[in-house]
Amino acid sequence: MTDYFQYVHNLSWGNKFEQFGSNIRETVISLLIKEIDDYNALERCILNESSEEVLSYITGFVNLKKHYRNTILSTHTSSYIDNVDFNSVSSIINLSKINSTQRINKLFRSVNTLLPKFGVYIGKIETYGDRKINFLKRFGRTKGQVVWFVDFIINRIIPRLKYIDRIYYGLTNGRRHCMSTSELLGRLVYCGFCIVDIRSIDGISYFVAKKVSSPMTKLQSSYYPIISLPRVGRNGCLMKVWKIRTMHPYSEYIQDYVIRRNGYNEAGKPANDFRITRSGNLLRKLWIDEFPQLLQVFRGEMKLVGVRPLSATRYNEFPDDLKAERIRLKPGCIAPYVALNMPGDKESIEADRIYIEKYKQHPVLTDITYFFKGVCNILVNRVKHN
């Protein structure tokens, strides 16, 4: 519980809360605790902090009148936990903007620890998409773009830079820190939650998540321009595929969510994929993001032409017989669907099948033919990669 207070109320940086003795920490926490007077207390507090629309959104997922003794409600000034039964907490609602939290993953982990499996977590954040819209409304299109760009550099880029981030948090206490929707949702999944819903209300994004597991123990997503993604390769073993980053950090953890929400588009890619950045879209159109894989070709991990190494989600959507055939082959950079100009969801699966049958008969000739066809389709027909 101490960790939850430390991060939800942003006690960790300026006050060096973690260095205080237990008595001081308990005293600080006691000042943040408010009593739940009756079954209407939580609704009154939410209305004071937000609006009828926000209250309606929250009560669509948590019955506050029925479960007010099983709900932890936190605002930017206090937390309503007196008389809450901590042995049967079923939901946590945080109305303090996550933008002010320096160590977001630690906040999410502390929430995960407090909730039982399938417990509900509701929070809010001003994403930089929200912030841009708010600036445009406030300052107008031209001036708003300028203000947003400056804010993006100061509150989005600088907090990501090693060493400089310490100066940033020392001066601002992290209260203007911002992130993308993709990163927010990816962090939640990384910390053991599944995404139920997210909605923008009055320029602020509210999310609903459920605890489904313990937080992941593998390394966190990096912010580096070159990333390695786990893919199903030869013999069914996971391999790392190198790419230039085209998505927001932590995006790899919400692929299932994006597909479940939007399905696939006509090119066989996740439809309306908000994980891709604007610069990432350009890199993908020009195939520049695939260039690091050439080094993997030189190292013998991949070849120029062949079936693409797939994410586990996409691989499991293939027919069992084709999955068995695919993992017998070394993966390649130029996929069969590119050479055959069959980029659709089902079409790309059929393209793999056609390639494999031809490869069995004439492996070298097939790869040479598919290489030139693939290059031609990339340059002339502008076939995009999945």
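This is a predicted model: local features need pLDDT of at least 70, side-chain atom pairs count only at pLDDT 80 or more; totals for chains, interfaces and linings use all residues.
Where is the place of Asn 272? I looked this up to start my notebook, and found Asn 272 in the loop between H10 and helix H11, the latter covering 278-285.

**Entry 1**

I stayed with Asn 272 for a moment. Its phi is near 50°, a positive value in a residue other than glycine. Is Asn 272 buried or exposed? Asn 272 counts as exposed, because its relative accessibility is 64%.

I then turned to Phe 118, where phi is near 70°, again positive in a residue other than glycine. Phe 118 sits in the loop that links helix H5 (104-114) to strand S5 (120-125). I looked up its accessibility too: at 52%, Phe 118 counts as exposed.

**Entry 1: the whole protein**

Next I stepped back for an overview. I counted 17 helices and 11 strands in the secondary structure of the protein. Its C-alpha atoms fill a box of roughly 75 × 45 × 40 Å along the principal axes.

The protein has 386 residues, and 50% of them count as buried. I noted an accessible surface of about 19,300 Å², with 56% of it belonging to carbon and sulfur atoms. I also looked at contacts between residues at least 6 apart in sequence: 66% of these join residues at least 24 apart.

**Entry 2: the nonpolar cores**

Which residues touch the most other members of the largest nonpolar core? That core has 59 residues, and my list reads Ile 98, Leu 107, Phe 108, Tyr 121, Leu 184, Leu 188 and Phe 193. There is also a second, separate core of 22 residues, and I found Trp 287, Val 307, Phe 318 and Met 342 among them.

Not counting residues up to four places away in sequence, Leu 184 touches Ile 98, Phe 108, Ile 125, Met 179, Ile 198 and Phe 207. A general note for myself: in soluble globular proteins, nonpolar side chains tend to be buried together.

Is Arg 187 buried or exposed? Arg 187 is buried, since its relative accessible area is 9%.

I then listed what surrounds Arg 187. Setting aside neighbours within four places in sequence, Arg 187 is in contact with Ile 104, Asn 105, Phe 108, Met 179, Tyr 223 and Tyr 250.

**Entry 3: helix H10**

In helix H10 (residues 255-262), I found Gln 255, Tyr 257, Val 258 and Ile 259 buried. What covers the buried residues of H10? The cover includes H9, strand S6 (193-201) and helix H13 (312-315). After H10 comes Gly 263, with a positive phi near 70°.

**Entry 4: the cysteines**

How many disulfides does the structure hold? I counted 0. Cys 191 is in no disulfide either, with its nearest cysteine sulfur, that of Cys 194, 14 Å away.

I checked burial as well. Cys 178 counts as buried at 2% relative accessibility, and Cys 191 counts as buried at 0%.

Cys 191 lies in the loop between H9 and S6. Leaving aside neighbours within four places in sequence, I found Cys 191 in contact with Asn 105, Phe 108, Arg 109, Asn 112 and Pro 215. I also noted a distance of 24 Å between the C-alpha atoms of Cys 191 and Tyr 80, which are 111 residues apart along the chain.

My last stop was the surface. Which residues make the nonpolar surface patch of about 650 Å²? I wrote down Val 146, Phe 149, Val 150, Ile 153, Ile 154, Ile 157, Leu 161 and Ile 164. Helix H7 (residues 141-157) gives the most to this patch, with 6 residues.

Ile 164 belongs to helix H8, which covers residues 164-172. With a relative accessible area of 40%, Ile 164 is partly exposed.

Definitions and conventions:
Residues are numbered from 1 along each chain as its sequence is written. Side-chain values use heavy atoms; hydrogens and water are left out. Patches are made of residues with over 30% relative accessible area and no salt bridge: like charges are joined within 9 Å, nonpolar side chains (Val, Leu, Ile, Met, Phe, Trp, Tyr) within 5 Å. Accessible areas come from the Shrake-Rupley method with a 1.4 Å probe; for residues, only the protein chains shown count as cover. A salt bridge is a side-chain nitrogen of Lys or Arg within 4 Å of a carboxyl oxygen of Asp or Glu. Helices (H or I, at least four residues) and strands (E, at least two) are DSSP runs, numbered from the N terminus. Buried means under 20% relative accessible area, exposed over 50%, partly exposed in between (1.4 Å probe, protein chains only). A nonpolar core is a set of buried Ala, Val, Leu, Ile, Met, Phe, Trp, Tyr and Cys residues joined through side-chain atoms within 4.5 Å. Contact means heavy atoms within 4.5 Å. A disulfide is a pair of cysteine sulfur atoms within 2.5 Å.
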